[in-house]
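Welcome! Could you walk me through this structure, beginning with the chain as a whole and then stopping at a few single residues?

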Amino acid sequence: MLSRRQFIGGAGRLVAGGAALAATPGALAAAIEGSAVPDDMAIIRGALALHPGLYRYNTPAEIEDRLACLEVALGRGESRAESFVTLQRFLSTVRCGHTQCNFYNQSDAIVSELFDRPTRLPFAFAWLGDDMVVTQDLSGTGQLMPGTQILSLNGLPASDVLNRLLPLTRADGDNDAKRRVQLEMRNTDRLDYFDIYQGLLLPPEGESHRITGRRPDGTEFAAELPVWTFAQRQAGLLTASDSSGPGPFWTWEMRDDVALLTMPTWVMYNTKWDWQGWLDDRLASLSGARGLVIDLRDNEGGNECGNAILSRLTDRDLQFPGFRQLVRYRRTPEWLDPYLDTWDRSFRTIGEGGVEVEGGFYGMAEETEPTDFIPAQTPRITVPVAALISPVCSSATFSFARRAKESGLVRLFGETSGGNLRGINGGAYFFVRLPGTGIEFDVPLIGYYPKGPRPDAGVDPDVFVPRTAVDISVGTDRSLDTAMTWVRAA
């Protein structure tokens, strides 16, 4: 680890030792006065000065140490692939689930250069602890039945593969369950974490993957499996992660006398689908069901769609313990604006009119998401309601799980959620474009801070139903089965 350096000079460089990121945008702007084009490090520092959760889990000195190391690494003239990994490794240390080199916001050139590689595994899998367990064989070889444990991949123990990639994941605080689930291959994401970072850091030699494994009956084996290309992965996806089309993106089905609502995404920013009307129609009648189960296990978040459900579960307005919405700036510095892309121009002045509070924050004059108060809606749902959650649930679905648990209106089944009870960051974003490397990274702009001490953890379900290799091998969905049984009994 490099020691903190005391320096000033050069485009965007400020005195280190923690002062850099505590500086205001105005001070940052002054630091690069006279520079026509700031370098990537100046932009990284300037953008991080806007981050409301930068010091939630780190001290200024720790962040500055890592920035110094990042500057040295990027200054070595690394390849773009190396720079991408180096930057993500740094961003992961912020321990914010919304701070990342976002695969979906990269240029076509970066997608082609870094992501379109013939390095992908021809099977889907889950991480059960440190064990890599096959959930679907896509290889066409018939050798990988569900429940098979992969012992090694291309000469590395599977647990070593996991531990090498974990420092590149994004999650809030110490919620490592979210980090593990990010590195699963669920065959649902067009651009998948494991695919990309395994391809960049641990690619196979040649045109095949060498594996050893243990089948559900205990027999061990070795095999060579063909590598998959980017195009092959796209062709084999089970669901689309893009919700910008006409919809619907959710399914509603009857399982005998219980309605099952499956919601793999709540990202509705760009869709013209009337999700509110679709949902209202079904919740108003429930198709005569005696209960409702909501499957959110593959849903990372998006819009606050869950409030439309909670509002119908009570005859009184809901008020939850508040989270303060805090930001780090009044207005973005003009020098930084050309490198900050977003969908709402008002984000550049998000702190104007806000009251300055402790810790260098501004309370927002008008909160963008007043979701701690949910007015009751009719007709009211009077049948029992259950929800299935997992570590994937880390943004709006984390917030829904928290409100469900606090209100007692929905019984939660499955595994501990992603997100963090100590608060998350989100609500509004800048997509930071670095001119030198061409890499983009996301910076959330609103910090949600609890009004009292909270644990560094996700939301625990009311009924914990962990996944097991046996369940995977026989095709049993115990979370769903357990929730269905409870609804019928209730």
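Here is a short tour, from the overall fold down to individual residues.

This is a predicted model, in which local features need pLDDT of at least 70 and side-chain atom pairs count only at pLDDT 80 or more, while totals for chains, interfaces and linings use all residues. Residues are numbered from 1 along each chain as its sequence is written, and side-chain values use heavy atoms, with hydrogens and water left out.

**The chain as a whole**

- The secondary structure comes to 15 helices and 20 strands; helices (H or I, at least four residues) and strands (E, at least two) are DSSP runs, numbered from the N terminus.
- A compact globule of 490 residues would have a radius of gyration near 23 Å, and the chain agrees with that, because its own value is 23 Å. The radius is taken over C-alpha atoms, and the globule rule is 2.2 Å times the number of residues to the power 0.38.
- Along the principal axes, the C-alpha atoms fill a box of roughly 70 × 60 × 40 Å.
- Of the 490 residues, 55% count as buried. Buried means under 20% relative accessible area, exposed means over 50%, and partly exposed lies in between (1.4 Å probe, protein chains only).
- Among the contacts in the chain with a separation of 6 or more, 75% come from residues 24 or more positions apart; a contact means heavy atoms within 4.5 Å.

**Surface and charge**

- The chain exposes about 19,900 Å², and carbon and sulfur atoms supply 50% of that area. Accessible areas come from the Shrake-Rupley method with a 1.4 Å probe, and for residues only the protein chains shown count as cover.
- There are 48 positive and 62 negative charges, and their mean positions are 3 Å apart. Lys and Arg count as positive and Asp and Glu as negative, while His and the chain ends are not counted. The place of a charge is taken as NZ of Lys, CZ of Arg, CG of Asp or CD of Glu.

**Cysteines**

- How many disulfides does a search of the whole structure find? The search finds zero, where a disulfide is a pair of cysteine sulfur atoms within 2.5 Å.
- C305 is in no disulfide, and the nearest cysteine sulfur, that of C393, is 13 Å away. C305 is buried, with a relative accessible area of 0%.
- For C393, the nearest cysteine sulfur is that of C305, 13 Å away, and C393 is in no disulfide. C393 is buried too, at a relative accessible area of 0%.

**Buried residues and their neighbours**

- S394 sits in the loop between β16 (385-389) and α13 (396-407). It counts as buried because its relative accessible area is 8%. Leaving aside neighbours within four places in sequence, S394 is in contact with H98, D172, K178, E300, G418, G419 and I424.
- F441 belongs to strand β19 (residues 440-450). Is F441 buried or exposed? F441 is buried, with a relative accessible area of 0%.
- Not counting residues up to four places away in sequence, F441 touches several residues, including I44, L87, C101 and F430. F441 and F84 are 357 residues apart in sequence, yet their C-alpha atoms are 9.7 Å apart in space.
- P204 is in the loop between α9 (193-201) and β5 (208-214), and P204 is buried at 12% relative accessible area.

**Backbone details and loops**

- N154 has a phi near 50°, a positive value in a residue other than glycine. N154 is in the loop between β3 (149-153) and β4 (156-157), and N154 is buried, with a relative accessible area of 19%.
- S287 has a positive phi as well, near 55°. Its loop runs between α11 (275-285) and β9 (292-295), and S287 counts as partly exposed at 46% relative accessibility.
- A cis peptide bond joins T378 and P379, with omega about -5°. P379 is in the loop between β15 (373-374) and β16.
- D217 lies in the loop between β5 and β6 (220-226), and D217 counts as exposed at 60% relative accessibility. From D217 to A289 the C-alpha distance is 40 Å, with 72 residues of separation in sequence.
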